[in-house]
There are 2 protein chains.
Amino acid sequence: MCGIVGYIGPKQAQNILLEGLRKLEYRGYDSAGLAVYQDGRLNVRKTKGALSALEGRLNGSPLSGEVGVGHTRWATHGKPSDENSHPHVDQQRRFSVVHNGIIENYMELKEELAEKGYSFTSETDTEVIAHLMADLDDGDVVSTVRKAVRRMKGAYALAIASVSEPDKLVAVRLASPLIVGVGEGENFIASDIPAILQHTRNVYVLEDGEMAVITRDGVELSTTGGQPVNREMLRVTWDAVTAEKGGYDHFMLKEIHEQPKAIRDTLAGRLKDDSVDLSWELSGLSDDLKQIDKIHFVACGTAYHAGLIGKSVVEKVARIPVEVDVASEYRYRDPILTPSTLVVVISQSGETADTLAALREAKKAGSKVLGITNVVGSSVAREADEVLMTWAGPEIAVASTKAYTTQLIAIYLFSLYLARLRGTWSEEELKRATAAISALPEQVQRILDAPEAIQRFARSIAEHEDLFFIGRGLDHAVVKEGSLKLKEISYIHSDAYAAGELKHGTLALIEDGVPVIALATQPSVYEKMVSNIIEVKARGARVLGLGLEGDTELAKSVDETITIPETLPLFTPVLAVTPLQLLAYYTSIARGLDVDKPRNLAKSVTVE
Amino acid sequence: MCGIVGYIGPKQAQNILLEGLRKLEYRGYDSAGLAVYQDGRLNVRKTKGALSALEGRLNGSPLSGEVGVGHTRWATHGKPSDENSHPHVDQQRRFSVVHNGIIENYMELKEELAEKGYSFTSETDTEVIAHLMADLDDGDVVSTVRKAVRRMKGAYALAIASVSEPDKLVAVRLASPLIVGVGEGENFIASDIPAILQHTRNVYVLEDGEMAVITRDGVELSTTGGQPVNREMLRVTWDAVTAEKGGYDHFMLKEIHEQPKAIRDTLAGRLKDDSVDLSWELSGLSDDLKQIDKIHFVACGTAYHAGLIGKSVVEKVARIPVEVDVASEYRYRDPILTPSTLVVVISQSGETADTLAALREAKKAGSKVLGITNVVGSSVAREADEVLMTWAGPEIAVASTKAYTTQLIAIYLFSLYLARLRGTWSEEELKRATAAISALPEQVQRILDAPEAIQRFARSIAEHEDLFFIGRGLDHAVVKEGSLKLKEISYIHSDAYAAGELKHGTLALIEDGVPVIALATQPSVYEKMVSNIIEVKARGARVLGLGLEGDTELAKSVDETITIPETLPLFTPVLAVTPLQLLAYYTSIARGLDVDKPRNLAKSVTVE
């Protein structure tokens with residue numbers, strides 16, 4: 001999940017490439033680099049660290065020239081270092097390569113090239129590509145790229161500059177996103193649209209197994225096998241204004257606060273006559289939704305946690321059996337798929353590599369696929385049979401917040417729509433649910449308006465290195481997400497457990513003063529949950545209880561209490577997760593960390 | 001999950017009660033106590049700590065008398081302390097109560113009694129019972145117990161002595177195991193048979209809602225409502241020799257080493273003509289097994305991890321969709337159960353409260369239940385439609401080892417039998433599987449015979465407080481078990497992740513020198529797994545790779561390697577978990593901890 005840019009035109013490449021990389025920094029930021037062609041040479045500047053480190057180096061020693069490629073990296077092979085940064089070049093510096101993805105057979109290729117005498121300066125799989133091209137070089141850069149690609153296994157988006165044909169850049173895509181931007185007398189390559197939006201709104205989206213050759217004045221698309229490709233040009237109509245922090249210290253806090261709006265936007269137009277109507281959006285699945293006898297939710301990370309809620313909700317509301325899978329596991333476990341199975345894939349970016357692969361697997365097996373995604377035109381949106389968009393707007397912070405809550409809303413809408421189609425809920429029940437879901441934006445706002453108790457608790461845990469979350473039922477799914485948030489940005493080693501499972505082992509980790517965050521928002525398991533809280537209290541834990549407004553009992557068994565407004569038990573996850581998001585945020589701040597760019601992580605995971 | 005004993009007869013009660021408690025110590029050991037009647041008084045000695053602490057106190061000040069009750073505790077309400085130890089008495093010391101279980105409405109009862117002027121000396125729910133009986137006392141102990149029980153909600157096994165009728169002990173059971181031992185001129189109460197086995201082999205097993213009144217010469221069974229109960233006496237034929245450590249330093253190490261035998265015993269008589277035959281054992285389900293269209297595995301802790309393997313194996317081998325649930329969640333999630341759903345419950349003790357409740361829920365819904373358990377005559381064995389025994393022998397160490405591997409064997413046998421019944425595997429495939437499973441005992445033995453590399457690695461991680469396990473597919477289920485073992489007995493905060501999920505958050509926790517244990521035993525995901533290993537290596541982790549014998553690639557990407565013999569990929573969990581069990585054991589030893597009795601945990605969890 002690195003960021004790639006390429007430029008060819010009449011202007012100085014360096015600044016255009018840097019600006020582009022800045023817009024892609026959310027894709028990875030452990031190192032960055034540029035290669036620019038001038039006077040028969042490919043000159044490279046690259047360095048470990050954020051983009052600002054590269055800018056510092058370029059200030060001292062700028063790159064002149066009108067053709068070049070750039071890269072912001074999120075390490076996969078080889079740790080973040082100057083040597084491992086992209087672009088990579090071959091020994092004669094004939095080719096310069098930037099790469100997003102993983103070359104799975106790089107070790108085999110490396111050994112083969114090493115035997116031929118090639119020597120390597122980095123630990124990356126990418127450098128192998130540069131040497132491989134040097135080895136296969138026939139003087140024609142396009143033909144050389146084609147030969148090299150034939151030898152490579154894995155997933156990649158590539159942008160390649162050469163000394164032999166400096167008037168051309170070559171872009172190649174297999175399972176990692178890549179676009180070509182078409183300007184006037186200049187053209188662009190990028191991993192994502194924002195990188196080029198200030199220069200052009202005309203875009204070609206490359207598909208798997210395709211390549212583009214760009215010159216100042218033209219773009220030629222073909223398959224890597226050599227067949228010409230005709231693709232319609234996409235005209236991007238997005239708002240070009242960069243997502244800004246809007247007065248907040250960090251994107252994450254801004255995005256947490258955008259949740260009431262994001263939820264309202266995601267509900268808009270979908271609630272009609274005291275019920276849910278998705279008939280227009282899901283028309284392509286309307287027969288299937290009545291007949292399916294099985295649903296699989298498949299997703300990664302935070303979206304997987306939304307899927308866990310999905311299982312509970314769909315089973316309760318529509319009485320269809322549901323399985324939830326981590327996408328990286330699903331692909332390889334030979335899932336039982338039939339034409340009456342509906343696979344629901346969830347991905348904020350719509351480009352998550354494992355999730356996309358699961359989508360394709362399901363389609364191949366003849367099952368229908370519903371996508372839940374936040375990005376129009378993303379691979380998930382294009383390839384699923386139908387799409388339910390979350391209207392959360394761009395999410396920049398690595399730790400996902402508004403994407404998660406709007407994924408929950410999409411799942412609720414979908415479940416209620418299923419219940420209506422299949423008659424498992426009465427009109428009265430649907431009416432009550434519609435009223436309750438409509439109240440959620442205002443209820444989230446109330447939580448956001450009173451963060452003091454959460455800030456206090458965040459300061460009190462900032463010195464700890466271990467923490468546990470517990471919950472039962474839907475609360476269990478919510479604490480998994482709360483724990484992930486905390487881990488991601490505070491680096492506190494936290495875990496989330498089904499409260500009834502503690503006794504079966506994990507209780508051994510509870511010692512005097514360990515913070516435990518306990519959710520008790522589910523009436524049906526409330527008493528059992530209090531018993532579990534008392535168990536950890538008896539071992540010396542300091543417990544923060546999160547319960548419903550009006551609960552006067554919980555405070556008797558815990559050290560501190562935070563409450564959330566009451567709604568239908570089914571919908572509490574939306575309200576319960578909000579304080580946990582804030583807790584993660586304020587804990588990260590109290591520990592002095594970079595909230596929006598946690599170490600080792602990147603926003604959209606387009607490698608497996 | 002405390003241990004209860006009671007004695008009435010001609011001998012001194014103290015020593016008989018102490019001996020009984022010693023046999024029950026595996027049920028809990030954070031405090032212990034006795035109450036013995038003499039000359040119109042109930043004299044109590046109780047103390048925090050292991051049974052030896054109580055013995056010390058009794059040496060200084062012995063209890064004389066021929067009637068009494070005893071208790072070894074595993075704290076639920078109120079931390080381990082002298083005051084919270086059992087037996088509990090009322091203010092006038094008219095009643096003395098020992099209790100296993102949880103009184104869910106104790107807070108309400110306590111407030112009511114406090115208003116009447118009763119004052120409490122402990123934080124336990126049990127003390128409330130003693131005061132409640134005093135409040136309801138009508139001079140007849142049996143009638144008083146009946147009145148008290150009517151007010152109590154929750155789960156309990158009770159043994160009660162009184163001053164008013166010192167020639168009687170009363171035992172009551174609701175959802176916690178309790179038996180009565182019938183001697184000659186003496187009678188016994190106990191949570192479990194071993195406690196009384198050196199005195200008698202004649203036993204009544206109480207059922208839920210039943211009570212027993214025992215005197216020197218008689219035992220009377222009735223419901224708590226007052227209806228007489230006729231129960232056949234059970235004649236116990238078990239080997240009375242206590243499970244001994246057999247030359248090992250700890251029960252856990254002994255039990256790890258017993259695995260080849262336990263697996264052999266569990267296979268015995270079930271492999272016939274190059275295939276699996278369970279027709280005799282599962283005759284009551286033979287029609288169902290052909291027709292079921294859905295399986296739910298339900299269990300807790302280690303047995304739940306066996307269930308995770310069960311899902312993969314059954315789906316692969318028999319192509320029946322499977323869900324796996326933690327029992328404490330399953331009961332409350334309103335699972336979709338039909339007559340064509342088979343619920344498989346797994347519990348070593350057969351008394352795990354949440355698992356039992358799930359079993360009952362499933363039967364009530366009309367589904368069939370298969371029990372997998374290690375204890376003949378246990379509640380699971382008695383209540384399931386059919387039982388597949390694991391023949392692991394008694395497991396004393398809290399950290400389960402041989403129970404887990406034999407649960408896996410039972411699951412394999414069951415899956416292969418299903419495949420044979422339903423024709424999803426050919427005779428050739430079954431033959432190959434039968435040969436491979438038969439070789440497992442010898443292969444486990446080979447791992448046990450060469451523990452040096454594991455011992456070395458254990459010493460190297462003993463100083464760490466955090467550790468991560470990663471794996472894909474079946475390896476993911478195995479690392480969950482490996483991580484639980486390590487947590488339970490070494491108190492190292494460890495976690496197990498699906499390797500493909502690291503990028504979605506947890507990678508933030510990886511920093512320089514953090515130990516990571518990576519399993520790479522599954523050929524179908526081997527390359528992906530190596531990519532994930534390289535990701536954590538790139539962040540500075542120190543990686544122990546666990547792979548198959550003959551794998552020369554793995555060592556190139558990790559810091560240290562341990563190998564296991566090759567078998568069918570389906571069966572590797574049995575071999576892969578063995579080094580992880582040893583690792584947990586040797587790490588606990590290196591940290592100087594009590595392997596067999598980890599803090600806060602008890603063997604068999606008969607409360608929810």
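## Salt bridges over all chains

A salt bridge here is a side-chain nitrogen of Lys or Arg within 4 Å of a carboxyl oxygen of Asp or Glu. By this rule the count in this predicted model comes to 72 salt bridges over all chains.

One of them pairs Lys528(B) with Glu104(A), at 2.6 Å from N to O. Lys528(B) belongs to helix 18 (residues 526-538) of chain B, while Glu104(A) sits in the loop between strand 6 (95-103) and helix 3 of chain A, so this pair joins two chains. Lys528(B) is buried, at 13% relative accessible area, whereas Glu104(A) is partly exposed, at 27%.

## Salt bridges within chain B

Glu210(B) and Arg231(B) meet through their side chains in a salt bridge of 2.8 Å, N to O. This pair links distant parts of the chain, 21 residues apart: Glu210(B) is in strand 12 (residues 210-214), and Arg231(B) is in the loop between strand 13 (219-223) and strand 14 (234-235). Glu210(B) counts as buried at 8% relative accessibility, and Arg231(B) is partly exposed at 26%.

A salt bridge of 2.8 Å, N to O, also forms between the side chains of Glu549(B) and Arg446(B). Here the partners are 103 residues apart, with Glu549(B) in the loop between strand 25 (542-548) and helix 19 (554-557) of chain B and Arg446(B) in helix 15 (residues 440-448) of chain B. Glu549(B) is partly exposed, with a relative accessible area of 36%; Arg446(B) is partly exposed as well, at 38%. Elsewhere, salt bridges that share partners join Lys294(A), Glu323(A), Asp325(A), Arg333(A), Lys311(B) and Glu315(B) into one network.

## The interface of chain A and chain B

The contact involves 81 residues of chain A and 80 residues of chain B. Together the two chains bury about 6,600 Å² between them, with 50% of it on carbon and sulfur atoms. Between chain A and chain B there are 10 salt bridges. In one of these, Lys311(B) pairs with Glu323(A), and the closest N and O atoms are 2.6 Å apart. Across the interface, 25 residue pairs are in polar contact.

Several elements of chain A give two or more residues to the side that touches chain B, among them helix 3 (106-115), helix 9 (301-318), strand 18 (322-326) and helix 17 (474-490). Helix 18 of chain A gives the most, with seven residues. By class, this side of chain A has 32 nonpolar, 19 polar and 30 charged residues.

## Cysteines

The structure holds zero disulfides over all chains. For Cys300(A), the nearest cysteine sulfur is that of Cys2(A), 17 Å away. Cys300(A) is buried, with a relative accessible area of 6%. In chain B, the sulfur of Cys300(B) is 17 Å from the closest cysteine sulfur, in Cys2(B), which is too far for a bond. Cys300(B) is buried, at 6% relative accessible area.

## Two buried residues

Lys485(A) lies in helix 17 of chain A and counts as buried, at 0% relative accessibility. The side chain of Lys485(A) makes a polar contact of 2.7 Å with the side chain of Glu481(A). Beyond four places away in sequence, Lys485(A) touches Met252(A), Thr302(A), Ala399(A), Ser400(A), Thr401(A) and Ala584(A).

Val344(B) is in strand 19 (residues 341-347) of chain B and is buried, at 0% relative accessibility. Beyond four places away in sequence, the contacts of Val344(B) include Ile295(B), Phe297(B), Leu370(B) and Phe414(B). Val344(B) and Leu388(B) are 44 residues apart in sequence and 9.9 Å apart in space, C-alpha to C-alpha.

Note on methods. Residues numbered from 1 in each chain as written. Chains lettered and ligands numbered in written order. Predicted model: local features only at pLDDT ≥ 70, side-chain atom pairs only at ≥ 80, totals over all residues. Heavy atoms only, no water. Contact = heavy atoms within 4.5 Å. Buried area = accessible area lost by both parts, 1.4 Å probe. Polar contact = N/O pair within 3.5 Å; in protein donor to acceptor, adjacent residues only side chain to side chain. Helix = DSSP H or I, 4+ residues; strand = E, 2+ residues; numbered from the N terminus. Nonpolar A, V, L, I, M, F, W, Y, C, P; charged D, E, K, R; others polar. Disulfide = S-S within 2.5 Å. Buried < 20%, exposed > 50% of the residue type's maximum accessible area, 1.4 Å probe, protein only.
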